[in-house]
Amino acid sequence: MKIDRLMAILTILLRQEKITAPELADRLEVSRRTISRDLDVLCQAGIPVVTEQGYGGGISLSPGFKIDASLLTEKERDALITGIRGLDSVMTAPLAEGLREKLRMLPGKDTQAQETVNIDLASYYKNSLTVKLDLLKAAIREHRLVSFTYYYRKGEGRRLAEPYRIVFQWSSWYLLAYCREREDFRLFKLNRLWEAECLEETFSPRTVPEEKLDAFRHFTDEIRLRARFSERVKLRLIEEYGPSSFTRLEDGTLLVEDLGFTNYPVLLEWALSFGSNIEVLEPEQLRQDIRKEASRILDRYDNPGETPDGNE
């Protein structure tokens with residue numbers, strides 16, 4: 001978009017004293033004629049762009065120029081720094097302090113003001129997560145294939161994929177990539193993605209269908225749960241789904257009427273994690289599977305020493 005390019009040119013000119021038109025055109029991947037038109041637009045907007053011809057010449061901003069404070073409001077600056085700090089929590093090269101220095105060019109506000117929000121996007125696997133993110137970002141920029149071991153419910157295996165986007169959603173990191181084995185776009189959870197390699201082989205980028213960019217499209221919540229919970233787990237229900245997710249009954253139990261799940265195995269594991277603090281009412285299949293699992297658990301403690309798969 002033109003406005004994005006104009007902002008990019010202005011940012012470049014603020015960072016360095018001088019740059020040539022061919023260098024600008026190359027960095028922004030446009031023609032020199034387009035750069036010339038953009039510079040005219042900046043001049044018409046009151047930005048003092050200076051052009052020097054000949055040896056040692058180039059494009060620069062008038063000495064002492066500062067961006068008008070109206071470019072960013074105080075709230076916008078705070079939000080910008082907060083967001084960058086969140087990214088810094090999983091990056092090897094922090095950006096927030098450098099951004100603060102650049103924002104000092106904007107008059108009128110203190111960029112050292114106390115922050116009201118702190119975002120930490122890291123997980124328990126922070127060190128390995130940072131390495132994965134760096135590798136995947138480089139692969140996306142350079143259009144290089146990635147290979148990795150992926151763990152899923154039915155096993156594990158090596159995957160070869162074309163990486164397109166890194167997604168943070170539902171408190172987890174994902175890679176949106178075109179899987180060469182499945183011949184389709186897939187979301188790969190980074191905590192299940194290990195031994196990643198950025199290969200020398202490159203690929204021609206595909207057009208990512210709009211519906212693939214909508215992460216919520218993959219989760220339809222078609223499985224509905226109806227269950228009663230013990231008062232002892234009220235806090236967990238509130239943390240995960242909010243106080244409106246249940247109704248307190250006369251006997252003190254908490255009734256959940258219509259809680260949606262996308263994946264049945266996930267629902268089964270979630271229900272089992274409540275132990276005796278849940279009574280599933282619907283679906284009936286879930287009731288039966290919990291009975292079977294409870295029987296296996298009882299058998300495990302009645303017959304200690306057996307391995308989990310039933311072998312001695």
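Mentor: A polar contact is a pair of N or O atoms within 3.5 Å; within protein, one atom must be able to donate a hydrogen and the other to accept it, and residues adjacent in sequence count only if both atoms are side-chain atoms. The model is predicted, so local features are taken only at pLDDT of at least 70 and side-chain atom pairs only at pLDDT 80 or more, whereas totals for chains, interfaces and linings use all residues. Residues are numbered from 1 along each chain as its sequence is written, and side-chain values use heavy atoms, with hydrogens and water left out.

The part to examine is strand β4, which spans residues 155-169. Helices (H or I, at least four residues) and strands (E, at least two) are DSSP runs numbered from the N terminus. E162 lies in this strand, and its side chain makes a polar contact with the side chain of R206, at 2.8 Å. With a relative accessible area of 1%, E162 is buried; buried means under 20% relative accessible area, exposed over 50%, and partly exposed in between, for a 1.4 Å probe and protein chains only. Setting aside neighbours within four places in sequence, E162 is in contact (heavy atoms within 4.5 Å) with L145, L176, A177, Y178, R180, F203 and R206.

R159 is another residue of β4. R159 is buried, with a relative accessible area of 8%, and its side chain makes a polar contact with that of E181, at 3.4 Å. Beyond residues up to four places away in sequence, R159 touches V146, S147, F148, Y150, Y152, C179, E181, R182 and F188.

The structure holds 12 aromatic pairs. The ring centres of F148 and Y150 are 6.3 Å apart and their planes stand at 75 degrees, so this pair is edge-to-face. For such pairs, rings of Phe, Tyr and Trp (its six-membered ring) must have centres within 6.5 Å; planes under 30 degrees apart count as stacked, over 60 as edge-to-face and the rest as tilted. F148 is buried at a relative accessible area of 0%, and Y150 is buried at 7%.

A further pair is formed by F229 and F274, with ring centres 5.0 Å apart and planes at 70 degrees, so it is edge-to-face. F229 lies in strand β8 (residues 223-229) and F274 in the loop between α9 (264-272) and β11 (278-282), so the pair ties together parts that are 45 residues apart in sequence. F229 is buried, with a relative accessible area of 1%, and F274 is buried at 4%. These residues belong to one aromatic cluster, formed by F229, Y241, F261, W270 and F274.

The ring of F274 has a charged neighbour: the charged end of R236 sits over it, 3.8 Å from its centre. A charge sits over a ring if NZ of Lys or CZ of Arg is within 6 Å of the ring centre and within 35 degrees of the ring normal. Elsewhere, K132 lies over the face of W194, at 3.6 Å from the ring centre.

The loop between β11 and α10 holds P283, and a cis peptide bond, with omega of about 5 degrees, joins E282 and P283. Helix α10 itself (residues 284-302) has 19 residues and reaches 27 Å from its first C-alpha to its last, close to the 27 Å expected at 1.5 Å a residue; the expected span is 1.5 Å times one less than the number of residues. The buried residues of α10 are L286, D289 and I290. Seen down the helix axis, they fall within an arc of 100 degrees, so they line one face of α10; the arc is that of the directions from the helix axis to the C-beta atoms. An α-helix has 3.6 residues a turn, so residues three or four places apart point the same way. The face turned away from the buried side of α10 carries the exposed residues L298 and D302.

For the chain overall, the secondary structure comes to 10 helices and 11 strands, and 34% of its 312 residues count as buried.
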